[in-house]
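Me: I would like to learn how to read the contacts between chains in a model such as this one. Could we go through them one feature at a time?

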Number of protein chains: 4
Amino acid sequence: MAQGHSEEDRKTFDVVRRIFADKIPFNKILGVELESLSYERAQIRFAYREDLVGNFVRGSLHGGVVSATLDLTGGLVAFLSALKSMNGGTPEEKTKRLANVGTIDLRIDYLRPGLGRYFIASGHILRAGSKVAVARMELHNDTDEHIAVGTGAYLVG
Amino acid sequence: MAQGHSEEDRKTFDVVRRIFADKIPFNKILGVELESLSYERAQIRFAYREDLVGNFVRGSLHGGVVSATLDLTGGLVAFLSALKSMNGGTPEEKTKRLANVGTIDLRIDYLRPGLGRYFIASGHILRAGSKVAVARMELHNDTDEHIAVGTGAYLVG
Amino acid sequence: MAQGHSEEDRKTFDVVRRIFADKIPFNKILGVELESLSYERAQIRFAYREDLVGNFVRGSLHGGVVSATLDLTGGLVAFLSALKSMNGGTPEEKTKRLANVGTIDLRIDYLRPGLGRYFIASGHILRAGSKVAVARMELHNDTDEHIAVGTGAYLVG
Amino acid sequence: MAQGHSEEDRKTFDVVRRIFADKIPFNKILGVELESLSYERAQIRFAYREDLVGNFVRGSLHGGVVSATLDLTGGLVAFLSALKSMNGGTPEEKTKRLANVGTIDLRIDYLRPGLGRYFIASGHILRAGSKVAVARMELHNDTDEHIAVGTGAYLVG
């Protein structure tokens, strides 16, 4: 991942990785890990765990786990899209920028029960504005079943 | 709450309370508790906790905590609306019905940062169909600031 | 309506009324008229016409007529909310501002078939930001049946 | 289009074409024409016209034209998905089925101003349930610029 990017870009992605892993408490509860990262796309991964279940008969993921992981994936690509338009900038400036990224709204469509050993949420940018970014997100399981899709609008400026 | 309801209704609400409290693992992570319950409305409550934070600079709730609590509140009122149309029915039948309620889609609008000592999510039914119910949800904090609104469509039949 | 507003406000509302009535071609096709106007709320009205029908068996409004009238009502209150934050400003500046208001996204929930002699769409502001405004909209018919609800995010800055 | 389909399928598509062209009054106002049709996908086309404009400064399509054309494209693929699951059935039965297809909810994301000589709206099925179908829709102009995306949930059973 991140092939074809400059040294500067790789440093930026490292900042994002550290924030993602260490600074967002609820991400730890969800157990999400960054899989891949570029200025236009990102993928995260999380394992099935019994405490993430919502439907106790089927054993499928809580709808809130689906919406939470898709929201954070969309916010991540919105942030990356905003970073791309910053020329230079220190890690502190980039961290500050992230703190100002906020979800305006989110739509999730639930397509299939959230069953699987692990799940991949992927996001890409549909609209990269100076104030608002729109991202599309998808959730698949380890057998590539399509669990859910989402769209989010994010304030980035 | 549940005033003006029959003995039968009160038993039904007790079943719902027990399922809500004991059977949905992710509800425990969120720390949600049922505040009030009727066939048309429901309120849940959860406390602010540091591990529910998404924005580490502001200390505000993760967007996924907001979407998760609004989704479960909408699903709860959709289920209650479905129960209302069941004449009689054993606790087992009602539990089974709940297991079949599923979110079709969800929209969340984030209005203000999720800050507060505790939060109340309330939901009511906009459309009570035999197959699909539509619910509207709101999230307020302990000083009655309006944090977020949502709308969800739920499969109930 | 618009009671309690200053002379300056009334002039602003007159500008909005003229733009609404004369400058937006598709509004004429829909046959919409402004009913009431303030900085936080607006109502529009349109008559049932056979060429607005989508469901030829029921004779109900085309879903697109519902989404179009709710979108324009939301855009109108978003624009009014943006005007409120402009101190002074000429009619030309206000018209220019309107030209920059754009819908970011829109969600419509269809609650009942669009049947009636006429329809009222009303909108109010949920979030009045400097860059993004969020509006909620409702459509009722002449017997006050609730036909649809909507939420829209609008770029206003 | 419709390659690889049986004689029975082609008759079904002809029924759909006739309904689309003759029976839905608001489709004529929008000027939409069917471009292609199968059980999983559909495309419609409409020309730019001055009376479809919403933004009089830019000359771009009214947001309601975008939401209307995406909604009808989504409803069309939802209907086709429902037809696929009907074994046989007379044209009358198919027409009746169409009359019962209804939009539950719709989300539209506006990506770029609606400018162009003509526009293509395309839709495909994300979830083909017996009661509810979920469709994704896209609008492009004649130079293949991406104007808008949408998602709709449709009652089909």
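Me: How much area is buried between chain A and chain B, and what part of that area do carbon and sulfur atoms give?

Reply: The size of an interface is often given as the accessible area lost when the parts come together. Keeping in mind that this is a predicted model, the area buried between chain A and chain B is about 2800 Å², and carbon and sulfur atoms give 62% of that area. The contact draws on 37 residues from chain A and 37 residues from chain B.

Me: Which salt bridge joins chain A and chain B, and how many does the rule find there?

Reply: Side chains of opposite charge can pair when their charged atoms come close. Two salt bridges are found across the interface of chain A and chain B, and in one of them Arg107(A) meets Asp105(B) with an N to O distance of 3.2 Å. Polar contacts can be read alongside these, and between chain A and chain B the count is 13 residue pairs, both residues being at pLDDT 80 or more.

Me: Which elements of chain A give two or more residues to the side that touches chain B?

Reply: They are helix H2 (25-30), strand E3 (53-55), helix H3 (63-84), helix H4 (91-100) and strand E5 (102-110) of chain A. E5(A) gives the most, with eight residues. By residue class, this side of chain A divides into 19 nonpolar, nine polar and nine charged residues.

Me: In which sense do E5(A) and strand E5 of chain B pair, and over how many bridges?

Reply: E5(A) and strand E5 (residues 102-110) of chain B pair in the antiparallel sense, over five bridges. Within this pairing Arg107(A) stands opposite Arg107(B) in E5(B), while the side chain of Arg107(A) is also in the salt bridge with Asp105(B).

Me: What rotation superposes chain A on chain B?

Reply: Two copies of a chain are related by a rotation about an axis and a shift along it. Here a rotation of 180° with 0.0 Å of shift along its axis superposes chain A on chain B, with an RMSD of 0.0 Å. That is the relation of a two-fold axis. Of the residues of chain A, Arg107(A) comes closest to this rotation axis, with its C-alpha at 2.2 Å. The same surface serves both copies, since 100% of the contact residues of chain A recur in chain B.

Me: How many residues of chain D are in contact with chain A, and what area is buried between them?

Reply: In this contact 15 residues of chain D meet 15 residues of chain A. The area buried between chain D and chain A is about 1200 Å², of which carbon and sulfur atoms give 46%. Arg107(D), Leu111(D) and Arg136(D) supply 44% of the area that chain D buries against chain A, which is more than any other three residues supply.

Me: Which residue of chain D forms a salt bridge with Arg107(A)?

Reply: It is Asp105(D), the closest N and O atoms of the pair being 3.0 Å apart. The rule finds two salt bridges across the interface of chain D and chain A, and four residue pairs are counted in polar contact there, both residues at pLDDT 80 or more. The elements giving two or more residues to the side of chain D that touches chain A are strand E5 (102-110), strand E6 (118-128), strand E7 (132-141) and strand E8 (146-155) of chain D. The largest share, five residues, comes from E5(D), and the residues of this side divide into seven nonpolar, two polar and six charged.

Me: What rotation superposes chain D on chain A, and which residue of chain D comes closest to the axis?

Reply: A rotation of 180° with 0.0 Å of shift along its axis superposes chain D on chain A, with an RMSD of 0.0 Å, and Arg107(D) comes closest to that axis among the residues of chain D, at 3.9 Å for its C-alpha. The copies meet through the same surface, because 100% of the interface residues of chain D are also interface residues in chain A.

Conventions: Residues numbered from 1 in each chain as written. Chains lettered and ligands numbered in written order. Predicted model: local features only at pLDDT ≥ 70, side-chain atom pairs only at ≥ 80, totals over all residues. Heavy atoms only, no water. Contact = heavy atoms within 4.5 Å. Buried area = accessible area lost by both parts, 1.4 Å probe. Salt bridge = Lys/Arg side-chain N within 4 Å of Asp/Glu carboxyl O. Polar contact = N/O pair within 3.5 Å; in protein donor to acceptor, adjacent residues only side chain to side chain. Helix = DSSP H or I, 4+ residues; strand = E, 2+ residues; numbered from the N terminus. Nonpolar A, V, L, I, M, F, W, Y, C, P; charged D, E, K, R; others polar. Pairing = 2+ DSSP bridges. Least-squares fit on C-alpha atoms with pLDDT ≥ 70 in both.
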